[in-house]
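Here is my note on this model. Please read it with the structure open.

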Amino acid sequence: MATPAPLWVALLRGVNVGSSHRVTMVELRAAVEGAGGTGVTTHIQSGNILLSHATKDREALTVTLREALEAACGFAVPVILRTGTELADLVARCPFSEDDWAEDRRRYVSFLTAPPDPVRVETLLSRAADGESLYVTPTEVCAAVRRESPRPAYADIDRILKIPATARAWNVVEKLATLATR
């Protein structure tokens, strides 16, 4: 019996941020469907796509989607893939402490394309501002920051870790996990 294809969540970086790289969700869905995606849906305007695909290989599918999206959008679109199960596991092991849920805090997850170098992780952790909590795994950096923080360390994750990343608010991650495990 063949293993069923996973439900993928494609997290796009730099789509519909500010006034540049504007793309409609209809265009994104069409590009992903053209690349063999099935059951394609989007969540909010910031580049979250849920899909199934015959390809089970994460790296191959990442390249396929990146090429299809660049051809459709006219600019490079970095893609980070997670399965619905991976997102559900992240939500289930929520790293945030009780203090991180204070009303003056915001919570984010930066999804990494590769495990970070431990020395660079230490550099990132050393730059955490007062009241900023950072939790680093091989695949994500979870951050809780004060709303008034002028430049939290998590804002420089890809520059410090030297790994491409894309961030989502925790509530978006929770919603994507729910959508991807239905």
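**Notes on the predicted model**

1. Trp101 is partly exposed, at a relative accessible area of 39%. Partly exposed lies between buried (under 20% relative accessible area) and exposed (over 50%), with a 1.4 Å probe and protein chains only. Trp101 sits in the loop between helix 3 (84-92) and strand 5 (105-112). Helices (H or I, at least four residues) and strands (E, at least two) are DSSP runs, numbered from the N terminus.

2. This is a predicted model: local features need pLDDT of at least 70, side-chain atom pairs count only at pLDDT 80 or more, and totals for chains, interfaces and linings use all residues. Residues are numbered from 1 along each chain as its sequence is written, and side-chain values use heavy atoms, without hydrogens and water.

3. What does Trp101 contact, leaving aside neighbours within four places in sequence? Its partners are Cys94, Phe96, Arg107 and Trp170. Contact means heavy atoms within 4.5 Å.

4. The largest nonpolar core has 22 residues. Such a core is a set of buried Ala, Val, Leu, Ile, Met, Phe, Trp, Tyr and Cys residues joined through side-chain atoms within 4.5 Å. Ile49 and Leu51 are among the members that touch the most others. Helix 2 (58-73) is one of the elements supplying at least two residues. Helix 2 gives the most, with 5 residues.

5. Strand 2 (residues 38-42) pairs with strand 3 in the antiparallel sense, over 3 bridges. Strands pair if DSSP finds at least two bridges between them. Thr41 has Leu50 as its bridge partner in strand 3. In this hairpin, 5 residues lie between the strands, and Ile44 takes a positive phi near 50°.
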